[in-house]
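The sequence and the structure are shown first.

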Amino acid sequence: MKRSIKKVAVLGSGVMGSQIACHFANIGVQVLLLDITPKELTEEESKKGLSLDHPMVKNRIVNRAFEQAIKLKPAPLFDKKFASRIQTGNFNDNLAEIAEYDWIIEVVIENLTIKKQLFAEVEKYRKPGTFITSNTSGIPIHMMLEGRSEDFQKYFCGTHFFNPPRYLKLLEIIPTPKTSPEVIDFFMHYGDLFLGKTTVLCKDTPAFIANRIGVFSIMKVADAMLKMNLNVDQVDKLTGPVIGRPKSATFRTSDVVGLDTLIKVANNLYEGLPNDEAKDLFKVPEFVKKLEENKWLGQKTGQGFYKKIKNDQGKSEILTLDINSFEYKPKEKVRFATLEATMPIDNLKERFPVLLKGKDEAGAFYRDVFFALFEYVSNRIPEISDDLYKIDDALCAGFGWDLGPFATWQSLGVANTVKAMEENGFKANTWVNEMLAAGKETFFTSKNGQKYYYNIENKDYSPIPGTDSFIILENYSDAIVWQNDGATLTDIGDGILNLEFHSKMNTLGAEVMQGVNKAIDIAEERFDGLVIANEGANFSAGANLAILFSYAIEQEFEEVELLVRQFQNTIMRVRYSSIPVIVAPHNMTLGGACEMTMHADAAQAHCETYIGLVEVGAGVIPAGCGTKELALKLSDASESGDIELNRLQNIFMNVATAKVATSAQEAKGMYYLRSSDGISLNKNRQITDAKRAALNMIAAGYTQPIPRNDVKVQGKSGIANFMAGIYGLQTGRFASEHDAKIAEKIAHVICGGDLSYPTKVSEQYLLDLEREAFVSLTGERKTLERMQSILQKGKPLRN
């Protein structure tokens with residue numbers, strides 16, 4: 001089915017509707033956002049003499065909802081200006097306009113009667129062949145079709161986005177028996193390629209896949225907590241990042257989502273699953289019911305499992321609910337021997353066996369929770385899905401798990417875990433034992449860069465559909481060309497190499513920088529191009545401060561100067577090699593990683609790239625060629641007449657205040673990405689997209705660039721302009737005296753130093769200024785204090 005989606009109508013402007021509209025606006029689609037009209041005037045409207053027929057009144061609900069949405073943090077829009085792509089209206093006046101739209105999405109209240117009434121109205125105006133879907137999270141999809149035409153039924157299915165739609169990558173596609181197969185294929189492809197989603201095909205069963213398994217997991221955690229008499233702090237410590245789950249873990253997540261939402265889903269599952277062997281687990285525990293009675297529903301009511309207060313010193317403090325006394329108490333420092341044993345283990349797959357073998361309460365908790373999960377997911381095939389990979393995809397994309405249930409099970413050893421489950425009173429489904437008996441020891445395997453899953457129907461491994469265009473580095477373990485402790489160089493085919501970082505937080509230490517140089521050496525000698533990309537949580541938190549600090553604290557400035565020079569030389573090699581180098585940043589891309597991105601022949605950024613020059617936070621200036629590069633970019637922009645004075649000031653202030661872009665789109669306006677750089681919506685496609693960019697450069701006849709000697713800088717007059725902004729920061733108390741000193745150094749480099757008039761200089765001239773300014777700042781006590789603070793906290797540089 002060849003279709004293009006240019007216009008989308010979103011019916012319902014609540015929390016989900018408005019944010020779904022925003023995400024379509026993010027990808028350049030024109031959106032019509034509609035909702036009901038008010039039945040009563042507000043006091044303010046009455047005072048103004050407005051009637052219910054006045055346009056301001058009729059669109060009050062939709063406009064307020066939309067205005068609230070675009071103010072949300074994290075923001076639903078890549079760039080605030082994209083709000084102009086969304087037109088608002090109401091069902092009474094504007095529903096007929098849906099005739100001109102390519103896709104109509106219903107996102108109204110979870111009430112089957114209301115949804116059916118709306119669909120009856122939609123059918124009056126909808127053009128035959130137009131896609132029509134529902135974002136319901138729990139109502140059976142087939143029940144919405146009563147009374148609808150054959151054409152409506154053919155183009156109808158469920159498209160379940162997860163909240164917040166910009167950030168959570170799951171899109172569940174739920175067809176009915178009447179849905180055309182071509183429609184299903186279209187949504188699976190469109191969601192992946194254009195919306196950047198992990199699209200999962202679901203059966204029309206209660207709560208579909210992600211919420212069915214995700215809520216089971218939450219309820220099982222609560223069950224184990226009660227059995228073992230654990231508290232909220234202990235459970236959230238056990239169920240957070242240590243097992244590859246979000247920092248919000250179990251109960252903080254519940255507070256954020258809203259306890260009422262969790263209760264509603266759990267109740268629906270309890271009532272809708274009469275034959276589920278774990279039905280009783282979905283029964284809401286008494287302590288949760290009491291929270292509901294108290295209206296302690298989490299963030300939306302100001303308290304839930306946690307409560308934020310001002311303490312006696314006037315500082316914010318988070319208190320934790322004691323579920324026995326129902327009093328809030330200071331957060332507890334949680335310690336378990338099992339968790340301490342895993343502290344040196346960075347690899348999650350290697351961590352899980354240690355966690356489940358623990359001899360303390362933590363180990364017992366993990367065995368109870370995970371063995372129950374493994375039993376449950378094995379029993380859900382083929383009920384909720386015919387294929388096990390869909391369950392893993394749904395949990396990873398919808399709940400933010402780093403490893404899905406079957407991948408977790410595999411990390412423990414499938415056969416050994418089946419045995420351990422039986423010893424603890426759990427039992428894997430028969431098909432798992434049949435798989436093992438046939439000599440198939442894993443749920444997943446990879447071959448020639450393609451990931452395969454165990455197909456229960458044909459009892460053999462099958463390639464995961466739709467992933468043939470993904471480059472997933474863990475599937476290329478047999479194509480490693482070179483590696484050290486901090487980086488791995490992999491042949492990803494067609495003459496292109498990929499350099500992956502795997503230092504802590506992917507920081508740019510000696511091993512990683514050696515890897516960059518080695519990758520370029522090997523690529524120049526035997527390959528055609530290089531991609532620098534990885535699959536870590538973040539692209540890179542920037543340069544490793546530890547070595548720099550050790551030299552600076554001892555005032556070994558010659559060593560500092562050498563370290564910075566070597567870093568600059570490596571970054572300049574990224575720009576001036578004989579092969580195209582594409583850098584593919586995602587999530588945090590800070591400091592030196594931002595500089596590396598800026599010096600690539602091209603960047604292929606993931607849409608969620610939070611990039612910036614944040615060195616001010618460590619008391620220094622960007623000296624990995626970053627300040628030099630901004631001078632170059634500003635020179636090019638001013639020469640072409642493409643920049644105004646206030647924008648130039650903004651670019652300077654971004655660096656002086658360590659501002660970080662909140663999306664790849666915003667990064668283009670901040671000069672951290674070029675306007676021509678690519679943006680990938682789907683993280684799974686990013687390395688493929690970067691490889692394609694390299695191949696396109698090669699096909700176009702790539703020529704090694706020549707270092708620039710025509711960078712126009714403004715000298716003393718430019719510095720004077722910047723000083724006004726620095727003075728404003730100080731007088732407004734947005735910058736300390738040391739911040740102002742750093743900002744002056746940045747202005748000094750960008751403007752080419754103490755030149756009497758605008759002059760054209762070389763890149764090397766600017767690099768020398770940049771390095772000199774950096775080294776001078778490392779002798780400052782305030783700089784050393786900032787570096788020490790960052791190292792002690794173990795946090796990346798971010799203001």
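1. The structure discussed here is a predicted model. The remarks below should be read with that in mind.

2. Salt bridges overall. The count of salt bridges comes to 46. Side chains of opposite charge can pair when their charged atoms come close.

3. A buried pair. Lys 115 forms a salt bridge with Glu 106, and the closest N and O atoms lie 2.4 Å apart. Are these two residues buried or exposed? Lys 115 has a relative accessible area of 1% and is therefore buried, the limit for that class being under 20%. Glu 106 is likewise classed as buried, because its relative accessibility is 0%.

4. Lys 300 and Asp 260 form a salt bridge whose closest N and O atoms are 3.0 Å apart. The two residues are 40 residues apart, and the pair links distant parts of the chain. Lys 300 is located in the loop between helix H13 (286–293) and strand E9 (306–310), whereas Asp 260 belongs to helix H12 (residues 259–272). Asp 260 counts as partly exposed because its relative accessible area is 28%, a value between the limits of 20% and 50%.

5. A pair within one helix. In Glu 286 and Lys 289, which also form a salt bridge, the closest N and O atoms are 3.5 Å apart. How many residues separate the two along helix H13? They are 3 residues apart, so about one helical turn separates them. Glu 286 is exposed, with 59% relative accessibility, while Lys 289 is partly exposed, with a relative accessible area of 29%.

6. A network of charges. Salt bridges also link several residues into a network, made up of Arg 212, Asp 276, Glu 277, Arg 380 and Glu 383.

7. A negative surface patch. Which residues gather in the patch of negative charge on the surface? They are Glu 554, Glu 556, Glu 558 and Glu 559. Of these, Glu 556 is placed in the loop between helix H22 (545–553) and helix H23 (557–575). Glu 556 has a relative accessibility of 35% and so counts as partly exposed.

8. A hairpin. Strand E15 (residues 480–483) and strand E16 (residues 487–491) run antiparallel and are joined by 3 bridges. With 3 residues between them, E15 and E16 form a hairpin. Within this pairing, Ile 480 has Thr 490 in E16 as its bridge partner. In a regular strand the side chains alternate between the two faces of the sheet.

9. Cis peptide bonds. Asn 163 and Pro 164 are joined by a cis peptide bond, with omega of about 0 degrees. Pro 164 is in the loop between strand E6 (156–161) and E7. A cis peptide bond also joins Ile 381 and Pro 382, where omega is about 10 degrees. The loop that holds Pro 382 runs between helix H16 (361–379) and helix H17 (388–399).

10. Positive phi values. Lys 295, a residue other than glycine, has a positive phi near 60 degrees. Its place is in the loop between H13 and E9, and Lys 295 is exposed, with a relative accessible area of 60%. Phe 326 is not a glycine either, yet has a positive phi of about 60 degrees. Phe 326 is found in the loop between strand E10 (316–322) and strand E11 (327–330). Is Phe 326 buried or exposed? Phe 326 counts as buried because its relative accessibility is 10%, and the limit for that class is under 20%.

11. Leu 171 lies in strand E7 (residues 170–175) and is buried, at 1% relative accessibility. Leu 171 and Ala 266 are 95 residues apart along the chain, and 21 Å separates their C-alpha atoms. Gln 566 is in helix H23 and is partly exposed, with a relative accessible area of 43%. Between the C-alpha atoms of Gln 566 and Leu 630 the separation is 20 Å, and these residues are 64 residues apart along the chain.

Technical notes
Residues numbered from 1 in each chain as written. Predicted model: local features only at pLDDT ≥ 70, side-chain atom pairs only at ≥ 80, totals over all residues. Heavy atoms only, no water. Pairing = 2+ DSSP bridges. Helix = DSSP H or I, 4+ residues; strand = E, 2+ residues; numbered from the N terminus. Patch = residues over 30% accessible without salt bridge, like charges linked within 9 Å, V, L, I, M, F, W, Y side chains within 5 Å. Areas by Shrake-Rupley, 256 points an atom, 1.4 Å probe, with all protein chains shown as cover. Salt bridge = Lys/Arg side-chain N within 4 Å of Asp/Glu carboxyl O. Lys, Arg positive; Asp, Glu negative; His and termini not counted. Charge placed at Lys NZ, Arg CZ, Asp CG, Glu CD. Buried < 20%, exposed > 50% of the residue type's maximum accessible area, 1.4 Å probe, protein only.
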